[in-house]
Amino acid sequence: MAIIPARYASTRFPAKPLAMLGGKPVIQRVYEQVSQVLDDVYVATDDERILACVEGFGGRGVMTREDHKSGTDRCYEAYQKVGGDFDVVINIQGDEPFIQPSQIRTLMGCFDDDTTQIATLVKPFTAADGWAALQNPNSPKVVVSDTGRALYFSRSVIPYLRGVAQEEWLAKHTFYKHIGLYAYRTQTLAEITRLPQSTLEKVESLEQLRWLDNGYIIRVGQTEVETIGIDTPDDLARAENFLKMRK
């Protein structure tokens, strides 16, 4: 099943899920993209206006508490309320209107390995992205093992290329950008929502470090698809232009 956490309150962009993009609310575009792959899709929200919007376009929504500290916690409450016999829960961010079916299928494929407890996606940085994109702290980087497991997530540029000029780093090594899409085995989801915040999570402000700190295996799928997440009104304008270019 897929759950799309969608809060009304946002410091940088209040009411973001209800913002119009190409004539449809952002949350509707996310829901429609996910529904191309999965039948069981729910929006988990803390606001009646978002719930009314979702039900208005024929989607399914679940009301959740206002005090959740993360989308993962909101997903777990929604999963408990929905019920059903699901092996894996996919957490789709409510501000990703261009999420692609191929990305969701890649995430699902990570669970072909029985050792996978949590899965996420990465996209390689390219030389064309440039150094500014690589060092942007709002775009977390991931170090991936040879066996496809996440070793560490950071807002800093990792790994450090010793003896190589910074302007050559993108040409000399493949760096991975984290795509904020998660999937969890249901038992794992129940466990990680009970964990206290870890030191690394607090310093980097990345909740996935809590899971690594506690020994969970995060399998990494790779995508080449570029998406546009919407965090600010400026992002919405860029998304509108992106949508027009695709037509």
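Are Trp169 and Phe175 buried or exposed? Both are buried, where buried means under 20% relative accessible area, exposed over 50% and partly exposed in between (1.4 Å probe, protein chains only).

## About the model

This is a predicted model, so local features need pLDDT of at least 70 and side-chain atom pairs count only at pLDDT 80 or more, while totals for chains, interfaces and linings use all residues. Residues are numbered from 1 along each chain as its sequence is written, and side-chain values use heavy atoms, with hydrogens and water left out.

Rings of Phe, Tyr and Trp (its six-membered ring) pair if their centres lie within 6.5 Å; planes under 30 degrees apart count as stacked, over 60 as edge-to-face and the rest as tilted. That rule gives nine aromatic pairs. One of them joins Tyr160 and Trp169 edge-to-face, at 5.2 Å centre to centre with 90° between the planes. Trp169 is buried, at 2% relative accessible area, and its ring is stacked with Phe175 because the centres are 6.2 Å apart and the planes at 10°.

Tyr160 counts as exposed because its relative accessibility is 62%.

## Charges over rings

Here NZ of Lys or CZ of Arg must be within 6 Å of the ring centre and within 35 degrees of the ring normal. Arg60 lies over the face of Tyr42, 4.7 Å from the ring centre. Lys177 has its charged end over the ring of Phe125, at 5.8 Å from the centre.
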